[in-house]
Amino acid sequence: MASCPACSTEFVEPAAACPRCGLASDLFPAVRSAASGGRSDRDPQMIEEILRAVGGDPTGPIVAPGPATIAQPARFPSAPAQRPPPARRPATELPGLPALGPGDPKVVLRRQIDEYLTLGRRLGIDLTSFPPRMHAAIRAEDVEEYARIRSELFVYLAAYLSEQVELCRARRSELAAVLGDDLPDEEIEELGSRLVEGDLPGTYRSLHAVEELLSGLEVTYQTVQLLSLEADLLAETVRELGSDPSRALGPIATAREAARSGDRSVAERLLARGVLALWHLAAPRLVVQVGEISGRLDAAQRAGADPAFARAQLHEMVAELRVRNFGAAILAYRRARDAAPAAVPAAPTELPPAA
């Protein structure tokens, strides 16, 4: 009998993959060894090889990684939503300035300006240029200036609130990868409707409520969400390195199904094992890429450049790997890759003139 290291399913050998979670059987030894803290025969001993490439002591003390790189889901590429967001108004529909309403225009305008200034202070927006203009308009009893101030304040506040609404929608999409029917879709739709109608105070109140709902869900599903995003980042990196991540994606899909059904403990285990499998696929090719990047940095330094930032990212990658923070290690690798100068082509060999 064989036992899957991801989901613990036992089955009769031989089999190309686990019949429950789909993990490829050739990845069993690597995942089993990594999950127990050991090394497999195929382990490229990545930390040592990278340190030799970038310069450093493979046996030296662990360098503390940067501040909580993996702790913020927003640092990762957004996971694809498993369910599309609910139908909503087109994104191109802009909030409309609401009608003034009954009453003396001068009084109504001043009251709404005061309301917008208060809302701006609550949102932390710098509106310091408006009070002096308002004082001057009051002294001159300039109703047209009141209207201009109201309109400009509305644009400032609506733009800021629009960004916050879109951020809520992005957070909802990330959660949709690991949640079932617990998403606050109705509340987000109401939030967008209030904004389009120009009800800025109502949008602010709804925004606060939606943010609390999303924060509660993110705390509850934090581990699942982080591992899911880390898996997506690793899978994308495996593809970029010219390999196929499909052999390791079965546990990821099974984990997301478990999370949507409410079984977080099973989802966390499967995601963690899936991440280990994806890392095993990425590591050998990543060592080659890091060596190539290090060579480019050495060449740049000999040419008088200062590739300190890119080299620091490679060292941060090592620090993250030592605490098995694979997602943060990949992000550090990407920063180093993007910051490294392009390879300089070798000069052509000059041939002797023909006889």
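Biologist: How many salt bridges does a search of the whole structure find?

Modeller: A salt bridge here is a side-chain nitrogen of Lys or Arg within 4 Å of a carboxyl oxygen of Asp or Glu. The model is predicted, so local features need pLDDT of at least 70 and side-chain atom pairs count only at pLDDT 80 or more, while totals for chains, interfaces and linings use all residues. Residues are numbered from 1 along each chain as its sequence is written, and side-chain values use heavy atoms, without hydrogens and water. Searching the whole structure gives a count of 18.

Biologist: What is the distance between the closest N and O atoms of aspartate 26 and arginine 247?

Modeller: Side chains of opposite charge can pair when their charged atoms come close. Aspartate 26 and arginine 247 form a salt bridge, and their closest N and O atoms are apart by 2.1 Å.

Biologist: How many residues apart are aspartate 26 and arginine 247?

Modeller: Helices (H or I, at least four residues) and strands (E, at least two) are DSSP runs, numbered from the N terminus. Aspartate 26 is in the loop between β2 and α1 (28-35), and arginine 247 is in helix α9 (residues 246-260). The pair links distant parts of the chain, with a separation in residues of 221.

Biologist: Is aspartate 232 buried or exposed?

Modeller: Buried means under 20% relative accessible area, exposed over 50%, and partly exposed in between (1.4 Å probe, protein chains only). Aspartate 232 meets arginine 256 in a salt bridge of 2.9 Å, N to O. Arginine 256 lies in helix α9 and aspartate 232 in helix α8 (residues 222-240), so the pair ties together parts 24 residues apart in sequence. Both arginine 256 and aspartate 232 are classed as buried.

Biologist: Which residues do salt bridges that share partners join into one network?

Modeller: Arginine 334 and glutamate 240 are 94 residues apart. Salt bridges with shared partners join them into one network whose members are Glu236, Glu240, Arg334, Arg337 and Asp338.

Biologist: What is the phi of glutamate 141?

Modeller: Glutamate 141 sits in the loop between α4 (130-140) and α5 (143-176). Glutamate 141 is exposed, with a relative accessible area of 55%. Although not a glycine, glutamate 141 has a positive phi of about 50°.
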